[in-house]
Amino acid sequence: LDSFKLIELSQERDPSPSSSGAVESEKGTVTFLNGASSSGKTTIAKKLQSILSRTYLLVSIDGFMQQLPAGLDPKRLDKELPVLLAGFSASAAAMVREGNNIIVDHVLWQQPWVLPCVEAYEGVDVVFVGIWCSLETLEAREEARGDRIQGVARIQHESTHRNKTYDVEVDTSKMSVDECASAICEYIESRGEPEAFRKLGATEL
């Protein structure tokens, strides 16, 4: 079914929201997956969507950047990157404030990106998940994929998790996708009080 058909079916089943008034909803929650390129974040995120008891949207930095025009000058991209990243985080946080649950697929491998990202989610519950993977496995996956710039995995491996603590940590070089997703799901479903993301912001001040 396409998205328009799903909306049509939803309205047929539950016509209660009227066009004359806004529907108030509680804020959603964020599951933030931070890991190097080729660490398996997207695969884990999709598995999480299939096993979590609530509906989660997948919000990926790779998908967001694919909206850029083809052949964009790298120098121009470097100049505009802070604005693009701010837009990514702000738009994702806005969805959560409207009551949507989201899984963020991101890589905070540059230190200047961290504080603006944390500030964008102020007042929102964020489960901060570290997706670890050995360098050997990362580089093997990077080469096998063929759609990644060689060497990026090594650079990100060294910096992505630096000075960061997490609510949940998994290692995709030692655990299967199902095991990783189950560990993350268990924490989310426990409805605990995540603290790592908030503390991450405090360390950046």
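Analyst: Let's start with α2 and α8, which are oblique to each other; angles under 35 degrees count as roughly parallel, over 145 as roughly antiparallel, 65 to 115 as roughly perpendicular, and the rest as oblique. Before going further, please note that this is a predicted model, with local features requiring pLDDT of at least 70 and side-chain atom pairs pLDDT 80 or more, while totals for chains, interfaces and linings use all residues. Numbering runs from 1 along each chain as its sequence is written, and side-chain values use heavy atoms, with hydrogens and water left out.

Two packed helices are described by the angle between their axes and the distance between the axes. For helix α2 (residues 41–51) and helix α8 (residues 177–189), the axes come within 9 Å and cross at roughly 55 degrees. The axes are lines fitted to C-alpha atoms, for helices over the stretch in contact, and the angles run from 0 to 180 degrees between N-to-C directions. On the α2 side, the contact is made by Thr43, Ile44, Lys47, Leu48 and Ile51, and on the α8 side by Val177, Asp178, Cys180, Ala181, Ser182, Ile184, Cys185 and Glu189; contact means heavy atoms within 4.5 Å. Sorted by class, the contact of α2 with α8 has eight nonpolar, two polar and three charged residues. Here Ala, Val, Leu, Ile, Met, Phe, Trp, Tyr, Cys and Pro count as nonpolar, Asp, Glu, Lys and Arg as charged, and the others, Gly among them, as polar.

The next pair is helix α6 (residues 135–145) and helix α7 (residues 152–159), whose axes come within 9 Å and cross at roughly 150 degrees. That angle is why α6 and α7 are roughly antiparallel to each other. Their crossing is right-handed. Leu135, Leu138, Glu139 and Glu142 of α6 and Val152, Ala153, Arg154 and His157 of α7 make the contact. By class, the contact of α6 with α7 divides into four nonpolar, one polar and three charged residues.

These helices belong to a chain with nine helices and five strands, where helices (H or I, at least four residues) and strands (E, at least two) are DSSP runs numbered from the N terminus. Along the sequence the pattern is α-β-α-β-α-α-β-α-β-α-α-β-α-α. Of the 205 residues in the protein chain, 37% are buried; buried means under 20% relative accessible area, exposed over 50%, and partly exposed in between, with a 1.4 Å probe and protein chains only.

Lys164 is in the loop between α7 and β5 and is buried, with a relative accessible area of 9%. Not counting residues up to four places away in sequence, Lys164 touches Asn34, Leu108, Gln111, Val114, Phe128, Ser159 and Leu200. Lys164 and Lys199 are 35 residues apart in sequence and 9.1 Å apart in space, C-alpha to C-alpha.

Asn163 also sits in the loop between α7 and β5 (168–171), but counts as exposed at 60% relative accessibility. Most residues other than glycine have a negative phi. The phi of Asn163, however, is positive, near 60 degrees. Arg191, in the loop between α8 and α9, has a positive phi near 55 degrees and is exposed at 52% relative accessibility.

Methods: Left-handed = near helix turned anticlockwise from the far one by under 90°.
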